[in-house]
Amino acid sequence: MNVEIKCPVCGGREFIAADYSVAPGGGGGYFTAIPLGMVSAVRTTRYVCKSCGFLMEFFSKDDIKKLENKYGR
C-alpha cells in the first residue's frame with residue numbers, strides 16, 4: 001500500500017496497512033484500543049514499512065476528536 005507517509009527509520013514509502021475494521025481484535029488482536037466508555041473505544045490503524053518492518057500506529061481524525069472530548073487537552 002502506498003500512503004503519504006515516510007518511514008522515520010529507513011525513508012521507505014511503501015507500507016502494509018492493518019486497518020482496525022478488518023483486523024481481528026480481542027486479547028491477541030492486531031489493534032490497540034483506548035476506551036471511551038463501557039462499550040465504545042477508538043482504535044488505531046497500523047502501518048508496517050515494507051523495507052525495514054518499522055511499525056506505526058495512527059488514529060483517524062474522527063477518533064482524535066472523540067479522544068479530545070473524553071480526555072481533553
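This is a predicted model: local features need pLDDT of at least 70, side-chain atom pairs count only at pLDDT 80 or more; totals for chains, interfaces and linings use all residues.
**View 1. Overall fold of the protein chain.** Of the 73 residues of the protein chain, 21% count as buried, and the exposed surface comes to about 5,400 Å², of which carbon and sulfur atoms supply 53%. When contacts in the protein chain between residues at least 6 apart in sequence are considered, 46% of them join residues at least 24 apart.

**View 2. The open sheet of three strands, in the order E1-E4-E5.** The pairing in this sheet is antiparallel, and the edges are taken by strand E1 (15–18) and strand E5 (55–58), each of which has a single partner strand, so one side of each is left without a neighbour in the sheet. Direction ignored, neighbouring strands of this sheet are turned by 25° against each other on average. Strand E4 (residues 45–49) is joined to E1 by four bridges, and within this pairing isoleucine 16 has valine 48 of E4 as its bridge partner.

**View 3. The hairpin of E4 and E5.** E4 and E5 also pair in the antiparallel sense, over four bridges, and five residues lie between the strands of this hairpin. Glycine 53 takes a positive phi near 90° in the hairpin. Arginine 46 has glutamate 57 of E5 as its bridge partner, and these two residues also form a salt bridge, in which the closest N and O atoms are 2.5 Å apart. Because arginine 46 lies in strand E4 and glutamate 57 in strand E5, the pair ties together parts that are eleven residues apart in sequence. Both residues are partly exposed, arginine 46 at 22% relative accessibility and glutamate 57 at 36%.

View 4. The largest nonpolar core has five residues in all, namely Cys7, Phe15, Tyr47, Cys49 and Met56. In soluble globular proteins, nonpolar side chains tend to be buried together. Leaving aside neighbours within four places in sequence, cysteine 7 is in contact with Phe15, Cys49 and Met56, among others. The contacts of cysteine 7 also include Gly12, Cys52 and Phe54.

**View 5. The salt bridge between glutamate 14 and lysine 50.** This pair, one of three salt bridges in the structure, has its closest N and O atoms 3.6 Å apart. Glutamate 14 lies in the segment before E1 and lysine 50 in the loop between E4 and E5, so the pair ties together parts that are 36 residues apart in sequence. At 42% relative accessibility, glutamate 14 counts as partly exposed.

**View 6. The salt bridge between lysine 66 and aspartate 63 in helix H1.** The closest N and O atoms of lysine 66 and aspartate 63 are 3.6 Å apart. Because the two residues are three residues apart in helix H1 (residues 61–71), lysine 66 and aspartate 63 are separated by about one helical turn. Lysine 66 counts as partly exposed, at 41% relative accessibility, whereas aspartate 63, at 5% relative accessibility, counts as buried.

Key
Residues are numbered from 1 along each chain as its sequence is written. Side-chain values use heavy atoms; hydrogens and water are left out. A nonpolar core is a set of buried Ala, Val, Leu, Ile, Met, Phe, Trp, Tyr and Cys residues joined through side-chain atoms within 4.5 Å. Buried means under 20% relative accessible area, exposed over 50%, partly exposed in between (1.4 Å probe, protein chains only). Contact means heavy atoms within 4.5 Å. Two strands pair if DSSP finds at least two bridges between them. Axes are lines fitted to C-alpha atoms, for helices over the stretch in contact, and angles run from 0 to 180 degrees between N-to-C directions. Accessible areas come from the Shrake-Rupley method with a 1.4 Å probe; for residues, only the protein chains shown count as cover. A salt bridge is a side-chain nitrogen of Lys or Arg within 4 Å of a carboxyl oxygen of Asp or Glu.
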